[in-house]
Amino acid sequence: MNEFLKALHVQRWDDHRYYHHSRINQSLHLISALSFLAAYAMLFVDPAAAALLSWGVAMVSRQSGHFFFEPKGYDHVNQATHEFKEDIKVGYNLQRKIVLMGVWALSPVVLYVDPALFGLLEPHADARGFVHNTSLIWLAVGVGGLLFRTVHLFFIRDVQTGLVWMTKIITDPFHDVKLYYRAPLYLLRGELIDPRHAQHSAQA
């Protein structure tokens, strides 16, 4: 158990120090984390609504921070290029995220072409039914994406790495609230980049 928790700490620390320099990204992660926590609670009452909140708000805000606001130049603090960080990323790097987000974005099109989704769903009768069925597909995409990468890590790394990563992803919302709850305040003060990284960027 100690080895597992140590590995979890390392994955969390690497994720923070490599991929969360931008205060905008941190603030968006706070919004994402709070949305995910609300979705966790809704999951036991209305899974479709939970999936809608998770993908429509939590994932969009979270990945927007990574794609549009996180610096992608040389990381002087960690002495690593963007390409190096992408290569060693345990979970979904930007390239894999593009694939995952593409599947998410195209899933309503599949439902439009085949409302029953090969007999797995009851065909929608109106717009509300379409949104409901889309949300169920999004739930499957989310769970599938989590399990796929976890099992993939079993083979390319080891079982512990995969289980640690899965644990990290599931508990990230709790950890992100603790880590980034002050980010919006820093942002309102005009602090766009974590000072430690901003200082090194200025020196470069």
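Predicted model: local features only at pLDDT ≥ 70, side-chain atom pairs only at ≥ 80, totals over all residues.

Q: Good. Which residues line the second largest pocket?
A: Y92, R96, V99, L100, V103, G145, F148, R149 and H152. Helices α5 and α6 each give two or more residues to that lining.

Q: And what is its volume?
A: About 150 Å³ for the second largest pocket. Its lining splits into five nonpolar, two polar and two charged residues.

Q: Now the largest pocket. How much space is in there?
A: About 1,100 Å³. It has 42 lining residues, and M59, L146, W165, I169 and I170 are the closest to its centre.

Q: Which helix gives the most to that lining?
A: α3, with eight residues. By type, the lining of the largest pocket has 24 nonpolar, ten polar and eight charged residues.

Q: Switching to rings. How many aromatic pairs are there?
A: Five. In one of them, the rings of Y40 and F174 have centres 6.2 Å apart and planes at 40°, so the pair is tilted. Y40 is in helix α2 and F174 in helix α7, so this pair ties together parts 134 residues apart in sequence.

Q: Is Y40 buried or partly exposed?
A: Partly exposed, at 27% relative accessible area.

Q: What about Y92 and W165, how far apart are the ring centres?
A: 6.0 Å, with the planes at 45°, so that pair is tilted. W165 is buried, at 5% relative accessible area. Y92 counts as buried at 16%, because the cut-off is under 20%.

Q: Which residues form a ring cluster?
A: W55, W104 and W138, linked by ring pairs.

Technical notes. Residues numbered from 1 in each chain as written. Heavy atoms only, no water. 1 Å grid on protein atoms, 1.4 Å probe; cavity = no way out; pocket = protein on both sides within 12 Å on 5 of 7 lines; lining within 4 Å. Points joined across faces, edges and corners; volume = space filled by probe spheres on them. Helix = DSSP H or I, 4+ residues; strand = E, 2+ residues; numbered from the N terminus. Nonpolar A, V, L, I, M, F, W, Y, C, P; charged D, E, K, R; others polar. Phe/Tyr/Trp six-rings, centres within 6.5 Å; stacked < 30°, edge-to-face > 60°. Buried < 20%, exposed > 50% of the residue type's maximum accessible area, 1.4 Å probe, protein only.
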